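Have a go at each task before you read its solution.

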Amino acid sequence: MQALDFQRPHGGLFSFWSLKMDFQGTGIGPDERDDGPRRGDVQRLVVIGNGMAGCRAVEEILARDPGRFRITIFGAEPHVNYNRIMLSPLLAGEKSFAEIVINDAAWYADNGIELVAGDPVAAIDRAARTVTSESGRTVGYDRLLIATGSDPFIIPVPGRDLPGVVSFRDMKDVDAMLAAAGKGGDAVVIGGGLLGLEAAHGLTLRGMKVTVIHLMPTLMERQLDEAAGWLLKTELEARGQTILTGADTAEIVGDGRVEGVKLKDGRTIPASLVVMAVGIRPSTALARAAGLAVGRGVQVDDHMVTSDPAILAVGECIEHDGQVYGLVAPLWEMCRALADGLVAQPTGYRGSVTSTKLKVSGIDVFSAGDFAGGDGAEDIVLRDAARGVYKRVVLREDRVVGAVLYGDTADGGWYFDLLRKGEDVAPIRDVIIFGQAFAQGGGQADPKAAVAALSDDAEICGCNGVSKGKVVASIQAGACSLDAVRATCKASASCGSCTGLVEKLLALALGDAVEAGPKTICKCSSFTHDDVRREIVAQELRSIPEVMQKLHWTTPDGCSSCRPALNYYLLCAWPGAYVDDQQSRFVNERLHANIQKDGTYSVVPRMWGGLTNPRELRAIADVVEKYNAPMVKVTGGQRLDIFGIRKEDLPAVWADLNAAGMVSGHAYGKALRTVKTCVGSEWCRFGTQDSTGLGVQAEKMSWGSWMPHKFKIAVSGCPRNCAEATIKDFGIVCVDSGYELHVGGNGGIKVRATDFLCKVSTEQQALDHCAAFIQLYREDAWYLERTAPWIERVGIDYVRRRIVDDEVGREALTARFLFSQSFSQDDPWAARAGGADREQHAHLGEFRPVQLLAAE
Amino acid sequence: MMMTGDWIDVGALGEIPLRGARTIKMGAGGEEIAIFHTSGGKVYALVNRCPHKQGPLSQGIVHGDAVACPLHNWRISLATGEALGEDEGCVPTIPVRVDAGRVLISRIAMLTTLAAA
Ligand code: SRM
Ligand SMILES: Cc1cc2nc3c(=O)[nH]c(=O)nc-3n(C[C@H](O)[C@H](O)[C@H](O)COP(=O)(O)OP(=O)(O)OC[C@H]3O[C@@H](n4cnc5c(N)ncnc54)[C@H](O)[C@@H]3O)c2cc1C
Ligand code: SF4
Ligand code: FES
């Protein structure tokens, strides 16, 4: 995927060819023609690219043998060699150009180097061993060094050529940005990687209002995992930048000059400056045109020699062993190998492992190696919410293979060193995450010994200011479990980051006598479901990554147990505000249908209170025929289930059912399922009240609500109880004098008859109590706990107290439920049938096997 | 879809949700390939068929470098295709790489997978 096509050199082309003809005609060596004969064995070295790698290579050569070459350097930029990575601080106003110069004019003069600046090389003639510049200047070489770096990648959208659209690669780009920033206004940076964020930072400091548009869901996704990416985004937003992730640029708009960026979702972001920082491509056009072997970069061997033995290449433009690099550290190693091979004892380059830091003042980010883990990899995670720190070290077979650090990067160098050396870290495994000082602190690699060695006034719990002495005292006074310690001296009772320390103190003091604490939400956390629910509200935690950070999750992105639970808890705590995380939902809730054993889905439309009519029945019959559904069945929940629908056909099926007025039955959800009714007073000779009508009202009130587990309601018209109301989560049994309300029944794995809650006299009271009960269950129960086990745990007396005795509390619960329902009663099927989340139902691609073969 | 040489361009990485997967369909009624995108930014391709009872792995919950099968919750390693923990079984993996935001999968491996199916 070559971004920059070879530009045919203009003026230089003719002179180039004619010169070549000359040489062939006269048979004179190339360097004789330029400026005089060779002196002794002094050879002619020409360098293309006056950048970081080209000049470093020259320095390395000079250091080994200053007399070996007569050197000419061509540079496209009209400058001496400067430190490209410092363009970011230059843009931010932290450095001046003079401060970032690496080699000043005196260096070139002192070393007899001829610098041709501002005149790029346009062509290489390998047969004649000459290069020709754009202005027509031709120079012969014995050895040629290509160090052309990279070209910024420009995404091929309309408007990319408008004035005001710049890349971020060299001084000219910085000058353009500074000129634009001088006028203030809005800037858009396309690309939320290292370069883009440094540009955004600089422009923010220069007073512009910056929006970063990033295609991927998290910032710097190649260097950071989701957790660190989230911390970074939060921090940048706090500094006033707008960060749009998952945003795809459609077009750059403007009349004669850039005015804004239009996204594929239709939004337009105004901008007087657009910086494209989406990536770089090795600059290989010259080499390719000269017929050198070029893959992703100019291909070189371990001594930086290209497919032509007279030509070397170094820097970002090369490909070595299948790798290309975009950072400076590898350049130093390449240049060393190059000089060794050229003028001293060949040593060879073996590829580089790289690490990254972000140069944004006040934000410390470090990343190295393979942090995505993979098979056999083990994550060690440390989160310190109070300090905004996230650290993750990835081990494989007791060796560090990757690290991501946010907020505290002091140990980055140490981890990187361990990684490069491939050292066995088994002896310090338990403490490695605490950093070098701790792990190597006087042979205290045993974490228990390290804790034992702490003085009595050492602070254990920062949140509550509890010293080691106090924790030990409360353990000695009888607190034999983590919970007991939390209850007596408050240590580890707030943010929980010192839980590990407290556990070690317990183990030290009591040995095997430590009592196991209550069950935690899953193995990713030391918190219980109740703790998590409480802290979400108390600390106003608003997203899954935030909960994980603030509550010290020990895995980078949780597991299939905690993610759905957190998603539900957040949804329940922040109705209307929290954005559901689809990837944290079980497949049925993501696709709004029930997955079957063969991978197809079943579809159950809602039939309010078990009632239906010809129109609905016809629509269902039509769907069964149209999509060849192999089975349609009356369910145990008084409605119809259509089986065997393919994922791709779901939206069309729903559109047809919607057209007949039907909505999702949520037969797949941790949500309200069915409201079963009997015929009641309208027809039945024993019926006391309109159980059917009340059932319909209850279903209209409560459908669409997400719950800890599924929830079923039934209304029976008399104590004969034909709707089986006394094995439902909420059951209503009508009697002459009113309505008996029952809760916590279950007809499933373990049958449980309901507990009687109370008796009310009107339909409205029955509905209000139903809403209050649902809300209490939603706010209190653990995820995947149905009402039956929940009530067994908290006791029916507690439920009665909250709902029957406390009238004000009940009304508040009812109000909270109805408020939450005002956001959740949208039919998910209609949204999907209308095109939302289309990708959930479509293949990424589809092709026939013959196409695969044809490609051969 | 672009097909040149040994790698087949199947789409943009941005089209695969983070901690999610998308499928590639190979012919009518043919085998599906699931392409996963993890929170660490890694991309993996596996045959979309759980070693237990053929559950569509692409629909499972992705965490770390594993997916929990939607049918009976086996955990499958995305890197090796092997069942993790107590369970035993393995699903074929397919070499995949990302270049300039495009997802490329190995043509040879796809052909082999097809032949084996
Ligand atoms: C379709 C249906 C059977 C039928 O053909 O009648 C059914 C089908 C399933 N039930 Fe059920 N249950 C159905 C009524 C019931 C009933 C009867 C009722 O609601 O009156 C019960 C007992 C009452 C109760 O829930 O207390 C029932 C108790 C269960 C249980 C045990 C729940 C428990 O707390 O012990 C499960 C397992 C679970 O949820 O974890 C379950 C799970 C399931 C699942 C979701 C199994 C699964 O995970 O795939 C089945 C989905 C099949 C599908 O794709 O539709 N189903 N299930 C009924 C759908 C009702 C509806 O219209 O939505
Ligand atoms: C803003 C910014 C911040 C960065 N920050 C970091 C960082 O923090 N850490 C890090 O490790 N890396 C960073 N980098 C990357 C780092 O700068 C590069 O890895 C490094 O500069 C590559 O060196 P090079 O010599 O291969 O290419 P360059 O330094 O780009 O040098 C190539 C030179 O060749 C010239 N050239 C190209 N074609 C021709 C031609 N035909 N004729 C003559 N001259 C030509 C170019 O104009 C250029 O001057 C940053 C890059 C930028 C742009
Ligand atoms: S009883 Fe068992 S087999 Fe029958 S639908 Fe319910 S879960 Fe499936
Ligand atoms: S089919 Fe995957 S776990 Fe059973």
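**Exercise 1.** Work out how α27(A) and α28(A) are oriented to each other.

*Solution.* Step 1: find the two helices, α27 at residues 796–805 of chain A and α28 at residues 807–824 of chain A; helices are DSSP runs of H or I with at least four residues, numbered from the N terminus. Step 2: take the angle, about 85 degrees, with the axes 6 Å apart. Axes are lines fitted to C-alpha atoms over the stretch in contact, and angles run from 0 to 180 degrees between N-to-C directions. Step 3: α27(A) and α28(A) are therefore roughly perpendicular (65 to 115 degrees; under 35 is roughly parallel, over 145 roughly antiparallel, the rest oblique). Step 4: look at who meets whom. A:Arg802, A:Ile803, A:Val804 and A:Asp805 of α27(A) touch A:Glu807, A:Gly809, A:Arg810 and A:Leu813 of α28(A), where contact means heavy atoms within 4.5 Å.

A word on the source: this is a predicted model, in which local features need pLDDT of at least 70 and side-chain atom pairs count only at pLDDT 80 or more, while totals for chains, interfaces and linings use all residues. Residues are numbered from 1 along each chain as its sequence is written, chains are lettered from A and ligands numbered from 1 in the order written, and side-chain values use heavy atoms, with hydrogens and water left out.

**Exercise 2.** Describe how α15(A) packs on α17(A).

*Solution.* Step 1: helix α15 (residues 468–476) and helix α17 (residues 499–510), both of chain A, pack at about 50 degrees with axes 10 Å apart. Step 2: that angle makes α15(A) oblique to α17(A). Step 3: list the contact. From α15(A) come A:Lys468, A:Val471, A:Val472 and A:Ile475, and from α17(A) come A:Val502, A:Leu505, A:Leu506, A:Ala509 and A:Leu510.

**Exercise 3.** Which residues come nearest to ligand 1?

*Solution.* Step 1: of the 21 residues around ligand 1, the nearest are A:Gln596, A:Thr635, A:Gly636, A:Lys710 and A:Lys712 (a heavy atom within 4 Å counts as near). Step 2: check distances from side-chain N or O atoms to an oxygen atom of ligand 1. For A:Gln596 this is 2.3 Å, for A:Lys712 2.7 Å, and for A:Ser602 2.9 Å.

**Exercise 4.** Which residues are closest to ligand 2?

*Solution.* Step 1: 30 residues surround ligand 2, and the closest are A:Ala53, A:Glu77, A:Arg169, A:Glu316 and A:Lys359. Step 2: turn to the backbone. A polar backbone atom of A:Ala53 is 2.7 Å from an oxygen atom of ligand 2, and a backbone N or O atom of A:Val121 lies 3.0 Å from a nitrogen atom of ligand 2.

Methods
Polar contact = N/O pair within 3.5 Å; in protein donor to acceptor, adjacent residues only side chain to side chain.
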